[in-house]
Amino acid sequence: MADSDEQDRADDSEAVASEPVEDRSSDEGGARRPAAIREAAIVAVALIALLAIGSWWVKRAGRVDPDSSARRVYAQYIGEKSCRECHPGITAQHARAGHSRTLRPAASAPVAAILDGRKASDPEHPGAEFAFHLSDGVLSTTRTAPDSSPERLLLQYALGSGTHAVTFLTLQDGESSNAGALESRLTWFHEGDHGRIGITPGQEADSNTKRGVRTPRGRALDPAETLKCLDCHTTVLSDVGPKRFDAETMIPTVTCERCHGPARAHVEAARRGETSLAMPFGAGRETAELEMKLCGHCHRLPEMAPPGAVRVDNHELARFQPVGLMQSACWKGTKGELRCTTCHDPHTRTSNDLVRYENGCLRCHDAAPERICSISPTPKSGCVGCHMPKRDAGQGILFTDHWIRIP
C-alpha cells in the first residue's frame, strides 16, 4: 500500500489573490500592508503543510505492522538450492524422498496424467460419477449424478507424495486460505499399475472424523482446518506468518528448512568460511521427545487423537506412527535412546530393508540376551514382521504398525 506525501500537503503553488490597492503614497504602512498579508498567507500555508507532513511521519513511525515480524523471519529462509552447495548428496536423496513431494500444483503432479480421461463412481452415492480432465495446464473433475446437473470442479493442489496416495485440495478463493478449501471427494491410491480411485480417507459415511463438512463434492474445510492441512505440506505458509496461506509466497513441500530451521545465516556463515554453523534443529542437538514432537506435528501425536481412539485394536493408528510408537515399551523403556531417526533417515525414501531395521532392534535386545524373542526359532530375525506387522488402516493401504508389542 503506497502512501503519498501530496495527500498531506497543501498546494502552496497557487498565487495569492489580491484586490486592487488604493494609492496611498502618503501612508507607507498602508502601502506595505498587502505585501505583508501575502507573505503571512504564504508562511501560514507553509506551516500548515509542514505540520501535516510532520503528523504523517509521526503516525507512520508509530504505526506497528503486524506482519513485519513474520516477514523478517520469512527473509531468513534461503531455499534448498543453497543447501545443495555444501550438501549435494543429502539434497539429491531428499529430492527422491516423499517429503519433497508433499504439495504440488495438481496439474504438474505425475498422477494428473494418470487420471486424465479416467472415470470413477462414488460407491456411497449410487449413480454419481467423477470424470477427470487435464487440459491447458489445469486438472479438473466433472461430477454427474441423477439428482443434479453436471458440475465441473477445479483441482488446485495435489497433497501427498504418491507413495501411498494423492488427495486434491482447492482453495475457495483461489489464492489464500481466508475462505477455506474443498478437499476432493475422491483420492488416488497407489495400487497396481495405474492406481485405484476411492473415497478420500475421513470422508467415508462411517468415519468418526470431526474435520470439515462432508458433501457429495468433497469435504468443505473452514479456514482454520485449511491452514492445518496446508501447514503439514509446506515449509512456510506465507511471508506473513503461520496464520495465513498465500499461494504466491508460500514455500511448498517439506524442505530442509522445515525441519532444520531457516538457513540464511547458516549459509552466509559457511560462505564466509566460518566454522560455527549450528542450525536451530539438527542431529545431536535435540532430545528424543523434541524430535518426536517435530515429526509428530504432522505424523500425529497421542494428544491429537480423538478420545478413546488410542487402543490396541484400532488399526487406523497405523497411519500415525508416533502415536503407536509412544505407547510401546521400547519407547518408554529406552529413556531417549529410541526415536524416529533410530530407524529412519528423514532425508531419504523409506527403506524396505527389514534386516536393517532388525539390526536396530538388536542394538538393544542383543545386549540383553534374556530380552531376545524366546518364541521364534530364529530369535535374531523376523522381529518386524511379528512385532510391527503391516495393517490396513481402513483405505486398503498397508502401514507398518509402530505400536511395538507382543502379538
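Trainee: What is the relative accessibility of Glu-191, and how does it count?

Mentor: Glu-191 has 37% relative accessibility and counts as partly exposed. Buried means under 20% relative accessible area, exposed over 50%, and partly exposed is in between (1.4 Å probe, protein chains only).

Trainee: What sort of model is this?

Mentor: This is a predicted model: local features need pLDDT of at least 70, side-chain atom pairs count only at pLDDT 80 or more, and totals for chains, interfaces and linings use all residues. Residues are numbered from 1 along each chain as its sequence is written, and side-chain values use heavy atoms, with hydrogens and water left out.

Trainee: Back to Glu-191. Which side chain meets Glu-191 in a salt bridge?

Mentor: The side chain of Arg-196, at 3.1 Å from N to O. A salt bridge here is a side-chain nitrogen of Lys or Arg within 4 Å of a carboxyl oxygen of Asp or Glu. Arg-196 is partly exposed too, at 26%.

Trainee: How many salt bridges does a search of the whole structure find?

Mentor: The search finds 17 salt bridges. One of them joins the side chains of Glu-85 and Arg-271, at 2.5 Å from N to O.

Trainee: Where do Glu-85 and Arg-271 sit?

Mentor: In distant parts of the chain, 186 residues apart. Glu-85 is in the loop between helix H3 (80–84) and helix H4 (88–95), while Arg-271 is in helix H8 (residues 264–271). Helices (H or I, at least four residues) and strands (E, at least two) are DSSP runs, numbered from the N terminus. Both residues are partly exposed: Glu-85 has a relative accessible area of 47%, and Arg-271 is at 49%.

Trainee: What does Arg-272 do for a partner?

Mentor: Arg-272 meets Glu-274 in a salt bridge, 2.9 Å from N to O. Arg-272 is exposed, with a relative accessible area of 55%, whereas Glu-274 is partly exposed at 38%. Elsewhere, salt bridges with shared partners join Asp-122, Glu-124 and Arg-185 into one network.

Trainee: New topic: sheets. What order do the strands take in the open sheet of four?

Mentor: The order is S2-S3-S4-S5, and the pairing is antiparallel. Two strands pair if DSSP finds at least two bridges between them.

Trainee: Which strands stand at the edges?

Mentor: Strand S2 (119–121) and strand S5 (148–155). Each has a single partner strand, so one side of each is left without a neighbour in the sheet.

Trainee: And how many bridges link S3 and S4?

Mentor: Seven, between S3 (residues 129–135) and S4 (residues 138–145), in the antiparallel sense. Look at Phe-132: its bridge partner in S4 is Thr-141.

Trainee: What about the loop between S3 and S4? Which residue is found there?

Mentor: Asp-136 is found in that loop. Its phi is near 50°, a positive value in a residue other than glycine. Most residues other than glycine have a negative phi. Asp-136 is exposed, with a relative accessible area of 78%.

Trainee: What is the phi of Arg-300?

Mentor: About 90°, and positive, although Arg-300 is not a glycine. Arg-300 lies in the loop between helix H9 (288–299) and helix H10 (321–325). Arg-300 is partly exposed, at 33%.

Trainee: Now strand S8. Which way do its residues point?

Mentor: From S8 (residues 181–184), Ala-181 and Glu-183 point one way, and Leu-182 and Ser-184 point the other way. All are buried. In a regular strand the side chains alternate between the two faces of the sheet.

Trainee: How many bridges does S8 form with S7, and how many with S12?

Mentor: S8 pairs with strand S7 (residues 165–171) over three bridges, in the antiparallel sense. With strand S12 (residues 218–221), S8 has four bridges, again antiparallel. Leu-169 has Glu-183 as its bridge partner in S8. Ser-184 has Gly-218 as its bridge partner in S12.

Trainee: Last one. How many cavities of 30 Å³ or more does a search find?

Mentor: One, over the whole structure. A cavity is a set of points on a 1 Å grid over the protein atoms alone where a 1.4 Å probe fits but cannot get out, and lining residues have an atom within 4 Å of a point.

Trainee: Which residues line the largest cavity?

Mentor: Among them are Arg-311, His-315, Leu-317, Asp-401 and Trp-403. By class, the lining has four nonpolar, three polar and four charged residues. Ala, Val, Leu, Ile, Met, Phe, Trp, Tyr, Cys and Pro count as nonpolar, Asp, Glu, Lys and Arg as charged, and the others, Gly among them, as polar.

Note on methods. 1 Å grid on protein atoms, 1.4 Å probe; cavity = no way out; pocket = protein on both sides within 12 Å on 5 of 7 lines; lining within 4 Å. Points joined across faces, edges and corners; volume = space filled by probe spheres on them.
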